[in-house]
Amino acid sequence: MKIALLEPLGVPGERIEELAAGIRAAGHEFVSYADKTTDPAELAHRSEGADVVMIANNPYPAAAFPAEGPKVIAVAFTGIDHVDLAECKQRGTMVCNCAGYSDTAVAELAVGLAIDVLRKVVAGDAATRAGQTSAGLVGTEIAGKTVGIVGTGHIGTATGKLFRAFGARVLGYARHEHPEATAAGIEFASLDDLLAQSDIVSLHIPSNTQTCGFLSAARIAQMKEGAVLINCARGAVVDNAALAEALRDGHLAGAGIDVYDVEPPLPTDYPLLGAPHTVLVPHVGFLTAESMERRAAIEFANVEAWLAGAPQNVCEL
């Protein structure tokens, strides 16, 4: 079997070699590339002859598939919406992901963004550097507030636990109530009630055909006056133009955003760039030293499991 790692995984090359040692010892061919590419023709070239293609968060469109194969696409990411799943389904290509590798990283960033917005950290930094005082920098505490978690999977539940540790009441909304979330003290509510009651709304849902534009202009209007939105999920689940308008007209008090409907760098006319009371970061929720190590280990474990005839972390297409 040939296994091809098409892009770096955010860990040193020596670590990649360590992780690949078992694959090579079993008699399989392993090749890796130290640079990213988004060129479909180059991706197809790198995938040529590979039974298993390993990627991270680089797009893998239909044009990247070689004439034959691959049998498996191993994705070092939780979301798989950057892979052409229709092409995978048509070809019978299995997709495995690394669910869970960034649960802690994303949950911590969601709370960190909330603190940044509520305590005006970015504005305070700018004021200090400009020789100004604390005038106009009165903040707001998380303790005693209601936080709404939309999507109570592993990351949403981890985020809810952290907010509860700050003294917040935490509401949750999901298609199915998760016992782990209930055990963590998250109270399930309807989406309408969650939006109306929450001082902070944190999104933790995947991007798919059902969730595209999930937080629409109408749903943003349902949110509590003066609420804060945190999005560390996927950019496409929010109508970001409507969000920017709600921030400009004062309906929402602020937003902390890590994800967008285009990958950074953002175009200069992107709506949120001109919106007040926002903290914007360039899709770094998953990006910690610890999470990079976890996802590399999980991705190679996924490949070895498939080679052994016992695939794991298989995604439903």
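## The sheet

Five parallel-paired strands form an open sheet in the order β2-β1-β3-β4-β5; strands are DSSP runs of E with at least two residues, numbered from the N terminus, and two of them pair if DSSP finds at least two bridges between them. At the edges, pairing on one side only, are β2 (29–32) and β5 (94–96). Between neighbouring strands the average turn is 15°, direction ignored (axes are lines fitted to C-alpha atoms, for helices over the stretch in contact, with angles from 0 to 180 degrees between N-to-C directions).

Strand β4 (residues 72–75) is joined to β5 by three bridges in the parallel sense, and V72 stands opposite M94 in β5.

## Model and numbering

The model is predicted: local features need pLDDT of at least 70 and side-chain atom pairs pLDDT 80 or more, while totals for chains, interfaces and linings use all residues. Residues are numbered from 1 along each chain as its sequence is written, and side-chain values use heavy atoms, without hydrogens and water.

## The helix across the sheet

Helix α11 (residues 289–307) lies across β1 (2–5), β2, β3 (52–55), β4 and β5, at about 170° to β3. Helices are DSSP runs of H or I with at least four residues, and contact means heavy atoms within 4.5 Å.

## Pockets

A pocket is an open set of points on a 1 Å grid over the protein atoms alone, where a 1.4 Å probe fits, with protein on both sides within 12 Å along at least five of seven lines; lining residues have an atom within 4 Å of a point. The largest pocket is lined by 44 residues, with T78, H204, I205, P206 and S207 nearest its centre. Its largest share of lining, three residues, comes from α6.

The second largest pocket has 21 lining residues, and V117, L118, K120, A253 and H277 are closest to its centre.
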